[in-house]
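Thanks, everyone, for making the time this morning.

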Amino acid sequence: MNQPVRVKTLKIDDRDVSGREDETILEIARQNGIFIPTLCNLQGLTPIGACRLCLVEIKGVSRLLPACVTRVEEGMEVYTQSERLQKYRRMVLELLFSERNHICSVCVVNGHCELQSMAQVLGMTHVSVPYRFPRLPVDASHERFVVDHNRCILCTRCVRVCDEIEGAHTWDVMGRGIDSRVITDLNQAWGESETCTSCGKCVNVCPTGALFEKGKPVSERLKKRQFLPYLTMMREERR
Amino acid sequence: MTPEELRKLAESQEEARPAPRHRIKICVAAGCLSAGSDRVRDALQNEVTRRGLENECEVQGVGCLGLCTMGPLMLVEPDGVMYQNVTESDAAAIVESLGKKPVEQLVCPSDMSFFTKQYKIVLENSGVIDPEKIEDYIARDGYTALARVLEDMSPQDVIDEITRSGLRGRGGAGYPTGLKWSTVAKAGGTRKFVICNADEGDPGAFMDRSVLESDPHRVLEGMAIAAYAVGASQGYLYVRAEYPLAVKRLRTAIRQAERLGLLGNNICGTTFSFHVDIRLGAGAFVCGEETALIASIEGKRGQPRPRPPYPAEYGLWGYPTLINNVETFANIAPIIRNGGDWFASIGTEKSKGTKVFALAGRVKNTGLIEVPMGITLREIIFDIGGGIPDGHRFKAVQTGGPSGGCIPEQYLDMPVDYESLAKVGSIMGSGGMIVMDETSCMVDVAKFFMDFCVSESCGKCVPCRVGTVQMYNILNRITSGEATMEDLALLEELCDMVKYTSLCGLGQTAPNPVLSTLQYFRDEYVAHIVDKQCPAGVCQMRQ
């Protein structure tokens, strides 16, 4: 059982760092105060490498790799801030802003939205692709929560937290491509969902205003996520 | 069944063969079937019965004869006459002519270069055997490779033979098959899987369908040999549900092979067991991507996941998994039978063997062809394909489907192999080959493939989900005369971004049709934008 833990040494942005072999580039970067932007990633949930913000360059590898799922390797030389990466990251954000109807001034999480703050941090000054302005529904049938598809970025944090942490698997994704949409149960109204435990974890992990709680002022709509690392840690200890 | 018995069965088939004096082989693969070949077959059978010639003449449904454009096709043996465009009303004349002068107006000249320039390994039994009869396959040396492998080859011997052959994955990327097999063989654990990827989805491509419909046992034999080599005991054939005939014939084939002890427990009386099950795809192109395919078999949403870990290490249900394409598996039995060196003697230095192409578009002879690697595009299009019909001029050939590119006239004499195609901005792909003449608008072609990618994107990663839509919208504006040169610059930026940031192969290659047409036909884009004109006269400009 007691297998020795192998430690790898590598360089991130020319800084010497080290990490366990089962750790990802993103984890090591964060431990060392190196910033790699992420949106779909959330500590405590299975990383899926979907938002592509955390792409990094690795010397000798022709492809760009997502830091959230790429394990560290001995002698790796990782670069996280090249001009090319920054351009791609801004374009990812521009595409996300153009995809649905993200209008910060009337959003319930204006001021504490991860998409919004990421745009500020990464210096996205404008959106160069045309907005699509799709017509999307809002489901307010749940007694406490609302899902507004206009603000969803399909990070699937809600799907993962509901499945992996709460164990209810109320959320999932239906449709494909640009028509993908998060759904509750078999595309039933959230209020009629039989599996939803109304725990609110999905609301708290949602990076944008797509999932929010009714009857609260905007200033109180901070997402509380302290429970996540705690729950996953306790679970791992019990195993 | 032991190898000994297999040999006996083959011999008895061989003896039984010359019984009827005439044999009419009519293609009942999807191409000819859609032209009514099943009705022709029934009409022929009725005619034979009516004349009381049942012992003289056998009417047999076979697999693809290749020249789909002239279907329904049929072959009369031993006269060796091929007929094209046969209808039910021709049945009487054909039966009447048996052993005499052929029916002149129906004869398809089999000495034309469409047939003589081909080299058949994968399709060697297509159009020769009845795909629903295992005895036919066995009579053509079927399952002897499997028997030999089990009798006197170790798994390592098999892998060495495949490595020596230089076979590369026929699904499109061209990964060395021997290397893939040895990776899975080396992966730890006792539970492993073999998957055959038959989720063929490129527009205009039907190679895998034809192999499965014409010679299903060949694929099963290849899978069984692979399973022995890597140490798997369970296999899955992932076939798209749009291929009902292929599925039906595979089901029949599996049942027949199990009955003869060539699949299932203790194959050929050895300790090796291998079971094959069919899984149907639900119409998603992305499920041809290996990790999405695995997710789909597991019953999950068909979405790719980042690699590594590769399926060879962490595949179906977390176990080491070998995934190969239909055509790759179809090459295995001949390699074992004839040796890796024989296979390596065909083709070019880095691309060995043959490749099956589905030749379509503006070319006289459309259909299914198999050619040695290294043949030039000119030979394929002008000799085998017979050139461009109606006096039109060749413009470009699209290979590799939505992941490939358009190759212009100046590269017609380039050899067809993995590296050369990649060098000119296209890919080998699974084998779709669409020929275009001057009446095709290249921007419109790019738009067609982008539209395909938009509707087939799974929606997991942002660049592919939104980027393809934005690219499609720009192409749409260009083809309707509403775009500016700034749009073109934006299109190029998006191409670059989607190519390098997408999660899986679908997104990474989605810009290829745009990039290659921009590289060779930029003037057409400019004509649409600046002059508001479509040089080919395809696009409707909004004034």
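Among the contacts in chain B between residues at least 6 apart in sequence, 74% join residues that are at least 24 apart, where a contact is counted if the C-beta atoms of two residues, placed from the backbone, lie within 7 Å. Please keep in mind that this is a predicted model, in which local features need pLDDT of at least 70 and side-chain atom pairs count only at pLDDT 80 or more, while totals for chains, interfaces and linings use all residues. As for the labels, residues are numbered from 1 along each chain as its sequence is written, and chains are lettered from A and ligands numbered from 1 in the order in which they are written.

Of the 543 residues of chain B, 57% count as buried, which is to say that 20 or more other C-beta atoms lie within 10 Å of their own, with C-beta atoms placed from the backbone. The secondary structure of chain B comes to 22 helices and 13 strands, both taken as DSSP runs numbered from the N terminus, with at least four residues of H or I for a helix and at least two of E for a strand. The radius of gyration of chain B is 24 Å, close to the 24 Å from the globule rule for 543 residues, so chain B is as compact as a globular protein of that length; the radius is taken over C-alpha atoms, and the rule is 2.2 Å times the number of residues to the power 0.38. Along the principal axes, the C-alpha atoms of chain B fill a box of roughly 75 × 60 × 40 Å.

An automatic or database domain assignment supplies the bounds, and in chain B these give domain 1 (18–110), domain 2 (141–344), domain 3 (354–437) and domain 4 (442–529). The centres of domain 2 and domain 4 of chain B, taken over C-alpha atoms, are 34 Å apart, and their contact takes 10 residues from domain 2 and 8 residues from domain 4 of chain B.

Let me turn to the sheets. One open sheet of 4 strands in chain B has the order E7-E6-E5-E8 with parallel pairing, two strands being paired if DSSP finds at least two bridges between them. Which strands of chain B stand at the edges? They are E7 (275–281) and E8 (321–325) of chain B, each with a single partner strand, so one side of each is left without a neighbour in the sheet. Further in, 6 bridges join E5 (residues 193–198) to E6 (residues 234–240) of chain B, and Cys196(B) stands opposite Leu237(B) in E6(B).

Another open sheet of 4 strands in chain B has the order E2-E1-E3-E4, with mixed pairing, and its edge strands are E2 (57–62) and E4 (81–83) of chain B. There, E1 (residues 22–27) and E3 (residues 74–77) of chain B run antiparallel, joined by 4 bridges, with Ile26(B) opposite Met74(B) in E3(B).

Finally, the chains themselves: the contact between them takes 24 residues from chain A and 23 residues from chain B. On the side of chain A that touches chain B, helix H2 (residues 83–99) of chain A gives the most, with 7 residues.

How values were computed
A residue is buried if 20 or more other C-beta atoms lie within 10 Å of its own, exposed if 12 or fewer, and partly exposed in between; C-beta atoms are placed from the backbone.
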